[in-house]
There are 2 protein chains.
Amino acid sequence: LNITRIMLARRPVGLPQDDDFRWETVELPPVGDGQVLVDTLYLSVDPYMRDRMSEGPSYAPPQALGIVIAGTVLGRVRESRDSNFQPGELVLGGYGWQTGAVVPAASLRHVDTGPLAPTAALGVLGSTGVTGYLAMVEVGRPKPHDTVVVSAAAGAVGLVAAQTARNLGARVVGIAGSDAKCTYLTQHVGLEGAVNYKASDFTDQLDRACAQGVDVYFDNVGGPVTDAVLDRINRGARIAVCGQISQHAPAVSPPSSHLPVPTILLNHGATMQGFMVMNYASQAAAARATLARWVNDGQLVYTETTAEGFHETVAAFRSLFTGGNIGKQLVKVAD
Amino acid sequence: LNITRIMLARRPVGLPQDDDFRWETVELPPVGDGQVLVDTLYLSVDPYMRDRMSEGPSYAPPQALGIVIAGTVLGRVRESRDSNFQPGELVLGGYGWQTGAVVPAASLRHVDTGPLAPTAALGVLGSTGVTGYLAMVEVGRPKPHDTVVVSAAAGAVGLVAAQTARNLGARVVGIAGSDAKCTYLTQHVGLEGAVNYKASDFTDQLDRACAQGVDVYFDNVGGPVTDAVLDRINRGARIAVCGQISQHAPAVSPPSSHLPVPTILLNHGATMQGFMVMNYASQAAAARATLARWVNDGQLVYTETTAEGFHETVAAFRSLFTGGNIGKQLVKVAD
C-alpha cells in the first residue's frame with residue numbers, strides 16, 4: 001500500500017513557500033505486532049506548526065528537516081494487530097501530514113466527540129479548543145462586564161476564547177482581518193463588537209468598541225495590533241499570549257515606536273503570560289467537557305473551513321497566515 | 001518662619017536638569033486647628049518621582065507643574081494643634097521636597113522603626129522595602145535553588161528584592177553598574193553572583209552566573225539589560241517589573257533587534273507582571289514585620305547613601321539615574 005507524505009525540505013522564511021516542502025510517495029511497511037494501519041480522513045493545519053518550522057527558541061521544539069510535518073490527524077483503522085483497535089474505527093493520531101501510516105497502537109486514541117462530528121476532535125474538543133478556553137479562564141480571568149479583546153477572533157482558537165469570555169459574562173470585542181469576518185463575529189457568533197485591523201480607522205474603531213478600556217487581551221497575533229490594544233489596557237489588565245502569527249505573515253510590520261512592553265505592564269500593574277497548553281494537561285478533560293456542553297447548548301458556535309484533498313495541504317496551511325480561514329482549518333483527505 | 005521648597009518648573013527630558021526645578025523660600029502660614037508644623041529631617045528621592053515628572057501613562061498620576069515635588073519625608077514636630085502629635089516627636093509626612101511645612105495632622109504618621117534608625121521608615125520599612133519584598137514574594141515566587149536575577153541590585157529596592165529571594169533559598173545573581181557595586185553585592189550582601197552590565201563581556205558573565213538559566217527576574221531597569229536576561233529565561237519563568245530606570249538614564253539605548261516580549265513570554269510559558277505596591281496594601285504590614293525581623297537577625301543588609309543638606313536634593317535625585325547610590329538614597333536636611 002502506497003501513501004503520500006509531506007516532509008519539511010528547508011526552513012521557511014516568513015510565509016511558507018511550496019519549495020519549503022517535499023512530497024513523496026512511499027510504500028508502507030507491513031503491520032507488526034501492536035501496530036495499526038490508519039487511513040487519514042482529515043488532517044489539521046495549525047499556526048504552531050509554522051513556529052516549529054523555524055529554528056531558535058519556541059514553545060515547541062523545532063521540527064527536524066527531512067521528516068514528515070508533525071500534527072494531529074483523524075483517521076480510520078484499516079488493519080490492526082492490537083486488540084484495542086478494530087478495522088473501521090475512527091482514531092486520532094499524531095503522525096502528521098500523510099495520507100496514511102503504520103503506527104504503534106499506543107500512539108492512537110479513540111475518538112469520542114459524543115453528538116458532535118468527529119472532526120471536532122481536531123478543533124473545538126482538541127488542543128485548539130482547550131487552548132482558547134483555558135488561556136481565557138486561567139490567564140484572562142474575565143469578570144462580568146469586563147471588556148475583553150481577542151485578536152484573530154475569527155480563527156479557531158480565537159473563536160473559542162472569545163465565546164468563553166462572553167459565556168462568563170464579559171463584553172467581548174473581536175479583532176479580525178476583513179469586514180466579512182467582523183460581520184460574522186457580531187451577527188453569527190454574537191460578540192458585542194468586532195474591529196477590522198486593516199481598516200484605515202482601526203484605532204478609532206477600537207476606541208469606540210472599548211470605551212471603558214481593555215481589561216483582558218487574548219493575543220494571537222502580536223505586532224502592531226497588539227501594540228494598539230496595549231495602548232488601551234486598564235489597571236490590573238491580564239494579557240494571555242497564545243500566538244504571534246504576525247511574525248509569519250507576509251506584511252512586514254513597521255518598527256514600533258511604542259513604549260516597551262515591560263513599561264506598559266508596569267504603568268498599569270498588568271500581567272502578561274505566555275500560555276502553553278501542555279502545562280495545563282490536568283485541566284484539559286474538564287475544559288473539553290465544558291466546551292462540548294456549550295456547543296450542544298448552542299452557547300458556542302463552532303466553524304470549520306475545509307480544504308478538499310491532500311494536495312491542498314500546503315495551500316491550506318499557508319492560508320492561516322493570509323486570513324483565508326474562518327474557524328478551524330482542516331484538510332479533508334478521504335471520506 | 002521661612003522654609004525653602006523645590007517645585008517642578010518644567011517636565012524633564014531624559015536626565016533631570018537643574019532648570020527643570022524652581023527653588024523658592026516662603027513664609028509658612030500660622031498653624032491652624034488640627035494642623036501640625038513639621039521640620040524636615042530627611043527626605044527621600046526615588047526613581048518613581050521621575051516617572052511622575054513626565055506626562056503620559058505611568059503607574060502614578062503625573063506631578064503637576066508649579067507645585068512642590070511630592071514625596072515622603074521624615075520630620076520632627078515643632079508645633080502642633082492636634083492632640084495626636086506633640087512637639088519633638090518624629091513623624092512621617094508626604095509633603096515632599098521642602099524644609100518644613102504646616103500640614104493636616106491626618107496626613108502624618110508616627111514613626112515606629114523599633115530598634116532600627118528612624119530613617120529606615122523611608123527605606124527598608126517604607127514603600128521601598130515593601131515593594132522589593134512583595135514583588136519578589138508575590139510575583140517572583142522563587143523556589144529553593146531557583147536562579148533569580150535582580151537588576152539594579154545595589155539600589156534600594158533591588159537590595160531588598162535580592163535578599164528576600166536569597167532568604168527564601170534561591171540562588172541570586174545581582175546586576176549592577178560598577179565593579180565596586182558587584183563586589184559589594186557578593187562580599188558584603190552575600191549574593192551568589194553579581195554581574196556588571198557595563199562590562200564588555202556582560203552577556204558572557206551573565207551566562208556563567210546563570211548556567212541553569214533564569215527562573216525569576218526582578219526588573220528595575222528595562223532596556224538592553226532586560227533584553228539580555230529575557231534571552232536566558234527558563235520555562236515558566238516569572239518576571240516582576242518594578243521600575244524601568246533605563247528610560248530616564250543618560251545613555252540612549254540602541255534599538256533592540258530582539259524578539260518582541262510577548263513572543264519571548266509565549267516561547268517559555270513565562271509571566272511578566274507590572275508590580276504596583278498600592279495594589280498590595282493589605283500585605284504591607286506583614287511585609288514590614290518580616291523585613292524588620294530580617295534586619296534585626298542580620299539576614300538583611302540595609303544600606304543608605306546620604307546627601308548632606310537640602311541644597312543637594314536635586315543632585316541626589318539625579319544620582320539615582322547615574323549610578324551614584326548604593327542602597328537607599330536620602331537627603332539629610334537637619335539633625
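I started with Asp20(B), which forms a salt bridge with Arg10(B), the closest N and O atoms being 2.6 Å apart (a side-chain nitrogen of Lys or Arg within 4 Å of a carboxyl oxygen of Asp or Glu). Both residues lie in the loop between β1 (2-8) and β2 (21-27) of chain B, so the pair ties together parts that are ten residues apart in sequence. Asp20(B) is buried at 2% relative accessible area, while Arg10(B) is partly exposed at 42% (buried is under 20%, exposed over 50%, partly exposed in between, with a 1.4 Å probe and protein chains only).

A note on what I am reading: this is a predicted model, where local features need pLDDT of at least 70, side-chain atom pairs count only at pLDDT 80 or more, and totals for chains, interfaces and linings use all residues. Residues are numbered from 1 along each chain as its sequence is written, chains are lettered from A in the order in which they are written, and side-chain values use heavy atoms, with hydrogens and water left out.

Next I looked up Asp146(B), which forms a salt bridge with Arg238(B) at 3.0 Å between the closest N and O atoms. I found Asp146(B) buried, and Arg238(B) too.

Then I turned to the interface. I see 29 residues of chain B in contact with 29 residues of chain A (heavy atoms within 4.5 Å). How many salt bridges cross the interface of chain B and chain A? The rule finds zero.

Last, I checked β13 (residues 271-274) of chain A, which pairs with β13(B) in the antiparallel sense over three bridges (pairing takes at least two DSSP bridges; strands are DSSP E runs of at least two residues, numbered from the N terminus).

Methods
Helix = DSSP H or I, 4+ residues; strand = E, 2+ residues; numbered from the N terminus.
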